[in-house]
Amino acid sequence: MSAPTGIRPAPASTAEPDDAGLVVAPARHPLRWLVAALALVLVAQFVHGLATNPGWDWATFARYFTAQSVLSALVVTIELTVWGTVLGFGLGVLLAVGRLSRNPVLQVISWVYIWAFRSIPLIVQLLFWFNIAYLYRTLSLGVPFGPSFFEFEVTGVISGFTAAVIGLALHQAAYSAEIIRAGIISVDHGQIEAAQALGIPRRRQFFKIVLPQAMRSILPNAANEVISLFKGTSIVSTMAIAELFYQVQVVFGRNGRVVPLLMVATVWYIVLTTALSIVQYYVERHYARGSSRALPLTPWQKTVAKFREIRDSGIAAPRGATR
């Protein structure tokens with residue numbers, strides 16, 4: 001039956017339930033706090049052991065941490081890292097271009113190089129270059145398969161340091177080439193097609209469009225490789241090169257203080273690795289400018305902002321102290 005004329009049906013109730021009386025019970029995580037307490041206890045025990053165990057011999061550590069022989073060896077380690085990084089990534093760029101080129105000869109040569117140098121252990125490569133004079137007494141410059149214009153003795157040119165740089169750089173190039181190639185192919189190809197449609201030259205396409213975006217993928221892995229190379233320089237101690245780890249071995253071989261001298265090398269490795277990580281953070285931040293509207297604050301900016309917040313809220317000590 002239809003409703004009587006002039007009488008409208010009552011509207012549905014739209015009143016929301018009153019939630020003011022509801023009590024929100026906080027979530028409790030007793031297991032989380034228990035694990036945190038156990039972790040803090042273990043950390044406290046470890047720190048206590050560092051401070052009280054006489055075996056660490058911190059007096060010997062302090063005496064040799066800034067010793068002239070250790071600092072000189074540290075400079076050699078940094079030089080090996082810098083040369084290995086610059087030459088390795090320079091050759092890696094060429095290998096990556098060869099892998100991505102349309103020339104089948106360059107593709108095959110680049111692939112074979114990367115396959116070979118990633119397959120051979122680094123220590124084998126270093127010892128091979130250290131003993132290269134057994135294969136080649138002299139090297140010459142001239143016409144291929146023809147007369148030579150200049151000859152020189154290998155032993156007079158390739159020293160132990162040079163052999164280490166060659167081995168580290170060639171080894172690093174194989175890995176950096178794949179990192180660079182992966183970063184380049186990670187860029188959306190549609191952007192390259194759009195740039196070509198706009199008539200942008202190929203060189204400008206690469207440096208203005210492809211490279212800035214590829215660097216966001218290249219930098220984290222490249223930084224890991226540089227840090228690995230820095231720590232991997234310790235392997236050249238097998239070639240009697242006076243880098244950090246070799247010098248530490250020489251010192252504890254004389255005085256028998258193995259643990260504190262190993263801690264000297266350990267702390268220096270940690271310090272320089274931390275410095276490299278800081279540089280990595282700011283370089284990545286530089287290339288991340290186009291990926292987000294606003295970059296997050298750096299740790300220093302966060303500290304300054306927190307200090308200003310405390311100062312403005314009146315918690316900080318007022319200026320003009322009491323007399």
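The following legends describe close-up views of a predicted model. Residues are numbered from 1 along each chain as its sequence is written, local features need pLDDT of at least 70, side-chain atom pairs count only at pLDDT 80 or more, and totals for chains, interfaces and linings use all residues. Side-chain values use heavy atoms, with hydrogens and water left out.

**View A. Aspartate 57 in the loop between helices H1 and H2.** Aspartate 57 is not a glycine, yet has a positive phi of about 50°. Aspartate 57 counts as buried because its relative accessibility is 17% (buried is under 20% relative accessible area, exposed over 50%, partly exposed in between; 1.4 Å probe, protein chains only).

**View B. Alanine 240 in the loop between helices H9 and H10.** This loop joins H9 (202–232) to H10 (244–255). Alanine 240, also not a glycine, has a positive phi of about 60°. At 51% relative accessibility, alanine 240 counts as exposed.

**View C. Aromatic pairs.** The whole structure holds nine aromatic pairs (rings of Phe, Tyr and Trp, the last by its six-membered ring, with centres within 6.5 Å; planes under 30 degrees apart are stacked, over 60 edge-to-face and the rest tilted). Tyrosine 113 and phenylalanine 117 are stacked, since their ring centres lie 4.3 Å apart with planes at 25°. Both residues are buried. The rings of tyrosine 281 and tyrosine 282, with centres 5.1 Å apart and planes at 85°, are edge-to-face.

**View D. Aromatic cluster.** One cluster is formed by Trp56, Trp58, Phe61, Phe65 and Trp268.

Notes:
Helix = DSSP H or I, 4+ residues; strand = E, 2+ residues; numbered from the N terminus.
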